Amino acid sequence: MKLKTAVIPAFAASLLLFGCSNDEVKDPPKDAPKENESANNDTSNDSMTDTSQDNKFAFTSFDLDVDYADHQDYEVDYDNDEDGMEASFQDDMNDEKLSGDKAMDKITPMLEKLDFDKDTPDEEVMKQVKDTFSLKDDYEKFELEVTFPDGTEKEYKDIKQ
């Protein structure tokens, strides 16, 4: 019980210090594109495999939800817009849940590896994401929502019966 007594005030203090959103990234990558930001090189998206100085990631928003049996979920949320950057990571199978800068530190190397764009076939996008995040194929539901720097939003789904 002493742990709860110590954790609750510490958590409350962190909410006061960091605001209502605990997913906020305080130290965002400086070259990550922001939602609704005019891209300097819209026509150069062909070379997404090279991490350019203008765009660290191929997207401004990345929301991955993968559901496995027994309520085991794998979730990656990343959003960068005018209001700031937010990130969260949840891996129930490995009992890992991170938010803010810790989540960003965890997911940045994986997000940097993704080189798809809005024109990449859905199957290729899902394969890249599954491979990059080492996701098992025995999921019940795979849902990914992505917003690209030009504002295009795409959804990728695979729901197994």
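**Entry 1: D67**

Which strand holds D67? I looked it up in the predicted model and found D67 in β1. I then listed its contacts, leaving out neighbours within four places in sequence. D67 touches Q72, D73, Y139, E140 and K141.

**Entry 2: the whole chain**

I counted three helices and six strands. From the N terminus, the elements read α-β-β-β-β-α-α-β-β. The chain has 161 residues, and 37% of them are buried. I also checked contact range. Of the contacts with a separation of 6 or more, 53% join residues 24 or more positions apart. The accessible surface is about 9,900 Å². Carbon and sulfur atoms account for 47% of that surface.

**Entry 3: the sheet**

In what order do the strands of the open sheet lie? I read β4-β3-β2-β1-β5-β6, six strands with antiparallel pairing. The edges are β4 (96-99) and β6, each pairing on one side only. Neighbouring strands are turned by 5 degrees against each other on average, direction ignored.

Then I went through pairs. β2 and β3 are antiparallel over eight bridges. A hairpin of two residues joins β2 to β3. Within this pair, N80 has M85 of β3 as its bridge partner. β3 and β4 are antiparallel over four bridges. There, Q90 is bridged to K97 in β4. The β3 and β4 hairpin has four residues between its strands. D95 in that hairpin has a positive phi, near 50 degrees.

E143 stands opposite K157 in β6.

I also asked how many residues of β3 are buried. The count is six of eight, so β3 is largely enclosed by the rest of the structure.

**Entry 4: the helices on the sheet**

Which strands does α2 touch? I found β1, β2, β3 and β4. The direction of α2 makes about 80 degrees with that of β3. I repeated the check for α3. This helix lies across β1, β5 and β6. It runs at about 75 degrees to β6.

I looked at burial along α3 next. V125, M126, Q128, V129, K130 and T132 are buried. After α3 comes S134, which has a positive phi near 55 degrees.

**Entry 5: the core**

How many residues does the largest nonpolar core have? I noted 31. Those with the most contacts inside this core are F59, F62, L64, V129 and F133. I then traced which elements supply the core. β1 (61-68), β2 (72-81), β3 (84-91), α2 (100-113), α3 (122-132) and β5 (141-147) each give at least two residues. α2 gives the most, with five. As a general note, nonpolar side chains tend to be buried together in soluble globular proteins.

Not counting residues up to four places away in sequence, F133 touches F62, L64, Y74, V76, M110, L111 and L114.

**Entry 6: K106**

Where is K106 found? It sits in helix α2. I checked its accessibility. K106 is at 31%, and it therefore counts as partly exposed.

I looked up which residues K106 is in contact with, leaving aside neighbours within four places in sequence. They are F89, E96 and L98. With E96 there is a polar contact between the two side chains, at 3.3 Å. K106 and S88 are 18 residues apart along the chain, and their C-alpha atoms are separated by 9.3 Å.

Notes
Residues numbered from 1 in each chain as written. Predicted model: local features only at pLDDT ≥ 70, side-chain atom pairs only at ≥ 80, totals over all residues. Heavy atoms only, no water. Core = buried A, V, L, I, M, F, W, Y, C linked by side-chain atoms within 4.5 Å. Buried < 20%, exposed > 50% of the residue type's maximum accessible area, 1.4 Å probe, protein only. Contact = heavy atoms within 4.5 Å. Polar contact = N/O pair within 3.5 Å; in protein donor to acceptor, adjacent residues only side chain to side chain. Pairing = 2+ DSSP bridges. Axes fitted to C-alpha atoms, helices over the stretch in contact; angles between N-to-C directions. Areas by Shrake-Rupley, 256 points an atom, 1.4 Å probe, with all protein chains shown as cover.
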